[in-house]
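Student: I would like to learn how to read a two-chain model. Could you take me through some features one by one?

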Protein chains: 2
Amino acid sequence: MYAIGVKRDTSGPQLLEIPRPEPAPGEALVRTLRVGVDGTDHEVLDGTHGGFPAEEEHLVLGHEAVGVVEEPNDTEFNRGDVVVPTVRRPPAGGNEYFERGEADMAPPEATLERGIDGAHGFMSEYFTSPAEYLIDVPDRLAEYGFLTEPVSISEKALELARQSRAGFSWVPETALVLGNGSLGLLTVAMLVEEMETYCLGRRDRSDPTVDVLDMLGATYVDGRETPVSEIPNRYEAPDLVYEATGYAEHALTGVQALAPNGVAALLGLPGPDERSVDLGAYHKDLVMHNKAVVGSVNSGPRHFRAAAETLDGLDATFLDALVTTLADYREFESAFATDASTIKAAVQFHEF
Amino acid sequence: MYAIGVKRDTSGPQLLEIPRPEPAPGEALVRTLRVGVDGTDHEVLDGTHGGFPAEEEHLVLGHEAVGVVEEPNDTEFNRGDVVVPTVRRPPAGGNEYFERGEADMAPPEATLERGIDGAHGFMSEYFTSPAEYLIDVPDRLAEYGFLTEPVSISEKALELARQSRAGFSWVPETALVLGNGSLGLLTVAMLVEEMETYCLGRRDRSDPTVDVLDMLGATYVDGRETPVSEIPNRYEAPDLVYEATGYAEHALTGVQALAPNGVAALLGLPGPDERSVDLGAYHKDLVMHNKAVVGSVNSGPRHFRAAAETLDGLDATFLDALVTTLADYREFESAFATDASTIKAAVQFHEF
């Protein structure tokens, strides 16, 4: 079968011909429908994140997938079930995080990540997975179900954020999403019905991401004109900040911009970034205003299930505008484009 | 009656003669037993924190009190009830935080603080308080009940910290308390039965605070030899960091020292402190290890009630060692000493 992967000795994604996998006991064989591409895939391609499976010369890409059960094998699934795989898999011997069903809380050294770190991803005509890592989703998610994974990332981050504020009355009225990439836009769509939502980007109108923000009823903030620190004065102080830029300074400015008792969820993965900052002001503000910061990575089965429900409730017009690129796997290159007209791209392997 | 306060035109605490207050409807008159002194009192005396009541020439000090109801007036209390007052009071007109019983979540501009900011404290022979701000405690807390307020500060901070980790399995095994002042030592006493507890200070043995740590079964870490960043290597990475030093860098180093999925509770109030730091490393570590930071200030009635219960369970030998100074109000000066032999001081107004 064909797969899209990267080889140790060459750069860039390429079409590979590899054997179709056989499901082991407890595993189902899944016929792949679509696989999304995100920033992590580009980091893997750049060699700045993740790594190859041990003793393998290639890594099959892709961690945002939706597929159809082709061979249930001995699992509880039925042929034709639409499923979304989770990303993390236990390293040899397993560990407590996987035993508890909380792989998303494992530190990096205690997990593999399919398509990212040490395990093949889902960008292939078929893939196998243990049944416990497959989430059953409604058939109508066959089209956009590959967005379950990114939505689940936000489900987890927002759960951690809300949980941190659960000890007192906290009714967030305003959210600030930092980053107008596809994850930022999906998160805006998740929040905008519940609260006034601002989204920070660095794009000139007209731009497809800004058009999506307009469509959603969110307010676009051009970070080149209005830095995060100015948002409380120019607009209002957010109760919730969701950071998906990987811009290191947002860990500080995002917290400082918060309203009293607010929480900032950090998801970006910046590189080293040495800066001179007033740590005293940062620390004192956190204390005097009972603020919180939560870091969040990956997501667990519970978040995938919540995400499937969320995704099912999102407006089709929004999803159609979000997914700008759908590439057949034989002509996958356009799915890895990073031009300003691309918001979210996916590779299609089969029709439902 | 006599009170200990500070005047606008002079520095240092002094004995003042002021009228004995009359309880208004809904208020009880309390005969003061003991009032503790802490770092905030010293900040008030230094003029770096808080402020005088509007149109008053003096501020009565003291926010850590225990007393006996002298005149219940029209409240539900009985004469002789041992009570501890909470600290925050509504500014004119009140606000949502007080209406919800969550004054501790009010931003600084939405509250007065007795003995600290804009309202007289409890360092006087008698004080009045609305019944809703008086916590009924067991008679046996007449002696050390003035510690209810500092313990309540930690009850709140630890509640926020635990709440932030409530969405997944989190069983903290190791705690690191930054600061070996009286609040740090009380917090060590609260944690040490439940987890391996380290406490960072900057004192040479023999020192009374280090002796108390030995007595409690905690491990003293000399921060001059082992900076916070070295603690995970030299000892172990803590699941919980509790910061009560006001040293700005701990907002970063305390988080970096955390074990995966750990939480740092910040309580100190540093002044401006400009530093060059690798914000990228800080931000990425928070995300990759699902860490959290909570700022916490003040405490609510629920935390006072929990604190009274906690205090009631603490070892009397520990409390005797902690309270190094008990000064009669007519000779109050020793309660404001800051020498190395003082851990916790209180002023006594009446015997129970």
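Tutor: We will go through the interface, the symmetry, some strand pairings and a few backbone angles of this predicted model.

Student: How large is the area buried between chain B and chain A?

Tutor: Interface size is often stated as the accessible area that is lost when the parts come together. Here chain B and chain A bury about 4,700 Å² between them, and carbon and sulfur atoms give 60% of that area. The contact draws on 58 residues from chain B and 58 residues from chain A.

Student: Which elements of chain B supply at least two residues of the side that touches chain A?

Tutor: They are α3 (148-164), α7 (250-256), β17 (274-278), α8 (279-288) and β18 (292-295) of chain B. The largest share comes from α8(B), with 9 residues. Sorted by class, this side of chain B has 28 nonpolar, 15 polar and 15 charged residues.

Student: What joins β17 of chain A to β17(B)?

Tutor: The two strands run antiparallel and are joined by 5 bridges.

Student: How are the two copies related?

Tutor: A turn of 180° with a shift of 0.0 Å along the axis puts chain B on chain A, with an RMSD of 0.0 Å. The copies are therefore related as by a two-fold rotation axis. Both copies use the same surface, as 100% of the contact residues of chain B recur in chain A.

Student: Now a pairing within one chain. Which way do β1 and β2 of chain A run, parallel or antiparallel?

Tutor: In a regular strand, side chains alternate between the two faces of the sheet. In chain A, strand β1 (residues 2-7) and strand β2 (residues 14-17) run antiparallel, joined by 4 bridges. Tyr2(A) stands opposite Glu17(A) in β2(A). The two strands form a hairpin with 6 residues between them, and Gly12(A) in the turn has a positive phi of about 85°.

Student: Where is a positive phi found in a residue other than glycine?

Tutor: Most residues other than glycine have a negative phi, and most peptide bonds are trans. Asn261(A) has a positive phi, near 70°; this residue is in the loop between α7 (250-256) and β16 (263-266) of chain A.

Student: Which residues does a cis peptide bond join in chain A?

Tutor: It joins Arg205(A) and Ser206(A), with omega about -10°. Ser206(A) lies in the loop between β13 (196-201) and α5 (208-216) of chain A. In chain B, the bond from Arg205(B) to Ser206(B) is cis, with omega near -10°.

Methods: Residues numbered from 1 in each chain as written. Chains lettered and ligands numbered in written order. Predicted model: local features only at pLDDT ≥ 70, side-chain atom pairs only at ≥ 80, totals over all residues. Heavy atoms only, no water. Contact = heavy atoms within 4.5 Å. Buried area = accessible area lost by both parts, 1.4 Å probe. Nonpolar A, V, L, I, M, F, W, Y, C, P; charged D, E, K, R; others polar. Pairing = 2+ DSSP bridges. Least-squares fit on C-alpha atoms with pLDDT ≥ 70 in both.
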